[in-house]
Amino acid sequence: RQVFYADYLAKVVVRFLIPESAPCDTAVDYGLEGVRIEMAGSAQQHMSDEDGQVCIVARAGSNTVLARHPRLGPNGRTLPDIFFDPGRESKMTVFVDIRVFLFVTWDDVDEQEEDTLLD
């Protein structure tokens, strides 16, 4: 026995942007390429393009989407309650956190150099 289900499908376009790309900065776009999408615990065939854009088609209604990319951290980024509306194409923008690590080291200064620095 086979059971078939029919349901409405809807499309949501998600754009992953790196913060250097402010909405007023039209000269350059910094989209994040290669973001993988997971829904309902399974990996989808969706991946963001060179502009950081990915088009997700899913059953109509509210869904939770998990985006995975090294720049989104080891656990990825959860996008809760994205509403897939069959009546229109929805769009959303996700800004990617940038983490900058600074390491400061001091060279060992011998006593003669320290005396000249103080003079």
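The model is predicted, so local features need pLDDT of at least 70 and side-chain atom pairs count only at pLDDT 80 or more, while totals for chains, interfaces and linings use all residues. Residues are numbered from 1 along each chain as its sequence is written, and side-chain values use heavy atoms, with hydrogens and water left out.

Strands here are DSSP runs (E, at least two residues), numbered from the N terminus, and two of them pair if DSSP finds at least two bridges between them. Strand E2 (residues 36-39) pairs with E3 in the antiparallel sense over 3 bridges, and glutamate 38 has alanine 43 of E3 as its bridge partner.

Arginine 68 sits in strand E5 (residues 61-68) and glutamate 38 in E2, so the pair ties together parts 30 residues apart in sequence.

The other open sheet has 3 strands, ordered E4-E1-E7, and its pairing is mixed. E4 (53-59) and E7 (90-95) are the edge strands. Strand E1 (residues 9-17) runs antiparallel to E4, joined by 7 bridges, and parallel to E7 over 6 bridges. Valine 14 has valine 54 of E4 as its bridge partner, whereas valine 13 stands opposite lysine 91 in E7. E1 is mostly covered, with 7 of its 9 residues buried (buried is under 20% relative accessible area, exposed over 50%, partly exposed in between, using a 1.4 Å probe and protein chains only).

In total, the structure holds 4 salt bridges. One of them joins aspartate 7 to arginine 59 at 3.0 Å, N to O; aspartate 7 lies in the segment before E1 and arginine 59 in E4, 52 residues apart. Aspartate 7 is partly exposed at 44% relative accessibility, and arginine 59 is exposed at 56%. Glutamate 89 and lysine 11 also meet in a salt bridge, at 3.5 Å, N to O. This pair links the loop between E6 and E7 to strand E1, 78 residues apart.

Conventions. Helices (H or I, at least four residues) and strands (E, at least two) are DSSP runs, numbered from the N terminus. A salt bridge is a side-chain nitrogen of Lys or Arg within 4 Å of a carboxyl oxygen of Asp or Glu.
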